[in-house]
Amino acid sequence: MAADAQKVTEVIHWDENLFSFRVTRPTTLRFRSGEFVMIGLPDENGKPLLRAYSIAAPSWADELEFYSIKVANGPLTSRLQHIKAGDEIILRPKPVGTLVHDALLPGKRLWLLATGTGFAPFASILRDLETYERFEEVIVMHTCRKTSELAYGAEIIESLNEEPLNEIAQGRVHYYPTTTREESKYMGRITDNISSGKVYADLGIAPIDPASDRAMVCGSYAFNIDVKRLLESLGLREGANSEPREFVVEKAFVGEGL
Ligand SMILES: Cc1cc2nc3c(=O)[nH]c(=O)nc-3n(C[C@H](O)[C@H](O)[C@H](O)COP(=O)(O)OP(=O)(O)OC[C@H]3O[C@@H](n4cnc5c(N)ncnc54)[C@H](O)[C@@H]3O)c2cc1C
Ligand SMILES: NC(=O)c1ccc[n+]([C@@H]2O[C@H](COP(=O)([O-])OP(=O)(O)OC[C@H]3O[C@@H](n4cnc5c(N)ncnc54)[C@H](OP(=O)(O)O)[C@@H]3O)[C@@H](O)[C@H]2O)c1
């Protein structure tokens, strides 16, 4: 294999816009659950075309997993969406990111707030035993436009009922998937469902308290800004690797003009 090449072992298409895939893990790669790396394919001139991707697998996994959008004219994903088992991708083994336990102060409940593919780092965090050692409960709010966009997240939540996670995670994860442009059990934006108290009422849980609640946020630029403002209004402060606090934020993608 070429330098930094990893072999694709599995690809799953969740709907017309979303897929997940697994690749071999470089033996030397160490990462913290929630971090991202640069992955990609060679362009038409053979030069690496790389994009940031959250590692969706937990830090203990033998293989790496990624969860990806298919952007119609996207330089990388218009081609990446066609990979199949046996193909190779490029992976730069330099993990970084702020959605990590080290950037949060100790607490009792962890809120994972994501829109769209922003769920990817939380697929890692949710499958990490350390999450359940650090927190008593985990509340997962995932919002998409359509129900089909919630399928990958729902499967990850379902997988928590299997070994080795079932013993530690059972009964401690509250899952609150919502849609905004299609009917489903729970509806509405994450910001609205927290501000109105609907999520607390629906799940039968106490409101966010800065003394004991911690949060990780991953979505579009607009989503991240709105959630940051909301959490700050509730008394939580944004943290970083160098300065752990009550919540951390990372972009799920770089939007046009941002
Ligand atoms: C820190 C970080 C982590 C990321 N992790 C992931 C990940 O785990 N999974 C993933 O699919 N993408 C992720 N991205 C986005 C990713 O880097 C690429 O932008 C994406 O793969 C599309 O690449 P592209 O070359 O096809 O199109 P680009 O030219 O990169 O993007 C074209 C346009 O598509 C839209 N777009 C791009 N990515 C997304 C997305 N994920 N969701 C919704 N709209 C999008 C934006 O409007 C963007 O301007 C991440 C980005 C950052 C900054
Ligand atoms: N998903 C699709 O079917 C679709 C189709 C065509 C094009 N696209 C394009 O693909 C890109 C990404 O689409 P996406 O659906 O992954 O992401 P998105 O537009 O950010 O929407 C994802 C979810 O986040 C919610 N949301 C958006 N901004 C928010 C905010 N500031 N606060 C709280 N919640 C917020 C949306 O609710 P609302 O519905 O209320 O906005 C939606 O449920 C966009 O450029 C979009 O135009 C997506």
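Reply: Let's take ligand 2. Strand E8 (137-144) and helix H8 (221-233) each supply at least two residues of its shell. Helices (H or I, at least four residues) and strands (E, at least two) are DSSP runs, numbered from the N terminus.

Me: How should I read the numbering and the values?

Reply: This is a predicted model: local features need pLDDT of at least 70, side-chain atom pairs count only at pLDDT 80 or more, and totals for chains, interfaces and linings use all residues. Residues are numbered from 1 along each chain as its sequence is written, chains are lettered from A and ligands numbered from 1 in the order in which they are written, and side-chain values use heavy atoms, with hydrogens and water left out.

Me: Which element gives the largest share of the shell around ligand 2?

Reply: H8 does, with three residues.

Me: And which residues come nearest to ligand 2?

Reply: Glu-149, Thr-180, Arg-181, Arg-189 and Asp-226, out of 14 around ligand 2. A residue is near a molecule if one of its heavy atoms lies within 4 Å of it.

Me: How much of ligand 2 does the protein cover?

Reply: 67% of the 860 Å² of accessible area that ligand 2 has on its own. Areas come from the Shrake-Rupley method with a 1.4 Å probe.

Me: OK, ligand 1 now. Which residues come nearest there?

Reply: Ala-52, Tyr-53, Tyr-67, Thr-77 and Thr-117, of 21 around ligand 1. That shell divides into 12 nonpolar, six polar and three charged residues.

Me: What about its polar contacts?

Reply: A polar side-chain atom of Arg-51 lies 2.9 Å from an oxygen atom of ligand 1. Ser-54 brings a backbone N or O atom to 3.2 Å from a ligand 1 oxygen. For a backbone N or O atom of Pro-75, that distance is 3.5 Å. Taken alone, ligand 1 exposes 870 Å², and the protein buries 83% of that.

Me: Which elements give two or more residues to the shell around ligand 1?

Reply: Strand E4 (48-54) and strand E5 (63-69). E4 gives the most, with four residues.

Me: What does E4 pair with?

Reply: Strand E3 (residues 36-42). Seven bridges join E3 to E4, and they run antiparallel. Strands pair if DSSP finds at least two bridges between them. Arg-51 of E4 stands opposite Ile-39. The E3-E4 hairpin has five residues between the strands, and Gly-46 there takes a positive phi near 85°.

Me: Where does strand E6 come in?

Reply: E6 (residues 88-96) pairs with E1 (residues 5-15), also antiparallel, over three bridges. Lys-7 stands opposite Glu-88 in E6.

Definitions and conventions
A polar contact is a pair of N or O atoms within 3.5 Å; within protein, one must be able to donate a hydrogen and the other to accept it, and residues adjacent in sequence count only if both atoms are side-chain atoms. Ala, Val, Leu, Ile, Met, Phe, Trp, Tyr, Cys and Pro count as nonpolar, Asp, Glu, Lys and Arg as charged, and the others, Gly among them, as polar.
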